[in-house]
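Dear colleague,

I am handing over the structure below, together with an account of what was found in it. Please read the notes with the model open beside them.

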Amino acid sequence: MARQNKMVYNVVLTAMMMCLVLLMTFIIRIPIPGTHGYIHLGDSMVFLSVLILGWKWGAVAAAVGSALADFVGGFAIYAPVTLVAKGIMAAVVGLFIQKALKKGLSRGKTRVFEIIGMVIGGLLMVACYYGAETVMYGNWVVPLAGVFMNCLQFVVGAALAFLIAESLYKTPAKKVFTYRIPDAGKNAQSKAAAKAEPAVETAGK
């Protein structure tokens with residue numbers, strides 16, 4: 001029963017994040033000159049989905065929510081590309097954060113892993129769109145117009161996701177996050193306790 005409840009919880013939360021990804025992608029759209037594409041703030045919800053849901057469910061919310069935004073917004077030709085590009089980006093970010101947390105790294109080092117994951121994931125997303133548009137337009141020059149804009153999009157999205165996550169970490173909503181970045185204070189306490197333990201044992205002997 002507990003396992004079934006967990007599945008229902010994940011499905012419901014994934015659907016909610018999927019809707020947020022769709023809305024943030026659909027509401028604010030800036031056309032990219034010379035192409036049929038556009039940039040948006042949806043990447044902020046893509047990154048936030050990963051932090052809340054983990055890399056698997058986060059990738060689902062990111063991929064499907066973003067693809068639906070293309071389909072509903074009149075950019076259906078991009079939907080298949082978006083499904084793959086956003087899914088890859090979300091999965092890469094999540095896997096980097098997960099690795100850092102499993103290693104028990106400090107808050108600062110975990111943040112470094114998170115940023116590296118965002119950069120690599122973002123660049124892979126940009127590469128997916130560039131490759132697809134090269135095929136769409138029949139040349140490799142026209143799609144170059146979207147490279148910088150797509151890079152700007154994921155950088156702004158990452159910064160916005162960071163601000164939102166930091167705010168939510170200070171509220172009861174922190175319990176919802178699958179990936180919880182460790183507090184600096186707790187790291188310091190853990191290190192102090194680890195150093196103190198050998199001294200106590202020596203005194204006992």
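A salt bridge here is a side-chain nitrogen of Lys or Arg that lies within 4 Å of a carboxyl oxygen of Asp or Glu. By that criterion E114 forms a salt bridge with R111, and the closest N and O atoms of the two are 2.4 Å apart. Please keep in mind throughout that this is a predicted model.

To stay with that pair for a moment, E114 and R111 both belong to helix α5, which covers residues 107–137, and because they are 3 residues apart there, about one helical turn separates them. Both E114 and R111 are buried. R111 has a further partner in E166, with which it forms a salt bridge whose closest N and O atoms are 2.0 Å apart. This second pair links distant parts of the chain, since E166 sits in helix α6 (residues 144–169) and R111 in helix α5, 55 residues apart. Buried means under 20% relative accessible area, so E166, with a relative accessible area of 17%, is buried, and R111, with a relative accessible area of 12%, is buried as well. Through salt bridges that share partners, R107, R111, E114 and E166 are joined into one network.

In the whole structure, the search finds 4 salt bridges. One of them is formed by K86 and D43, with the closest N and O atoms 2.6 Å apart. K86 lies in helix α4 (residues 79–102) and D43 in helix α2, so this pair ties together parts that are 43 residues apart in sequence. K86 and D43 are both buried.

Turning to the fold as a whole, the protein chain contains 7 helices and 2 strands, and, read from the N terminus on, its elements follow the order α-β-β-α-α-α-α-α-α. Of the 205 residues in the protein chain, 41% are buried. Among contacts between residues at least 6 apart in sequence, 72% join residues that are at least 24 apart. The accessible surface of the protein chain comes to about 11,000 Å², and carbon and sulfur atoms account for 73% of that surface.

Strand β2, residues 38–40, is where I39 is placed. With a relative accessibility of 8%, I39 counts as buried. Leaving aside residues up to four places away in sequence, I39 touches I28, R29, I30, I32, M149, N150 and Q153. The C-alpha atoms of I39 and C151 are separated by 9.6 Å, although these two residues are 112 residues apart along the chain.

Finally, which residues line the largest pocket? The lining consists of K6, Y9, N10, L13, I52, L53, W57, K175, V176, F177, T178 and R180. Two or more residues of this lining are given by each of two elements, α1 (2–27) and α2 (42–53), and α1 gives the most, with 4 residues. By residue class, the lining of the largest pocket divides into 7 nonpolar, 2 polar and 3 charged residues. The space within the largest pocket is about 200 Å³.

With best regards

Definitions and conventions: Residues numbered from 1 in each chain as written. Predicted model: local features only at pLDDT ≥ 70, side-chain atom pairs only at ≥ 80, totals over all residues. Heavy atoms only, no water. 1 Å grid on protein atoms, 1.4 Å probe; cavity = no way out; pocket = protein on both sides within 12 Å on 5 of 7 lines; lining within 4 Å. Points joined across faces, edges and corners; volume = space filled by probe spheres on them. Nonpolar A, V, L, I, M, F, W, Y, C, P; charged D, E, K, R; others polar. Buried < 20%, exposed > 50% of the residue type's maximum accessible area, 1.4 Å probe, protein only. Contact = heavy atoms within 4.5 Å. Areas by Shrake-Rupley, 256 points an atom, 1.4 Å probe, with all protein chains shown as cover.
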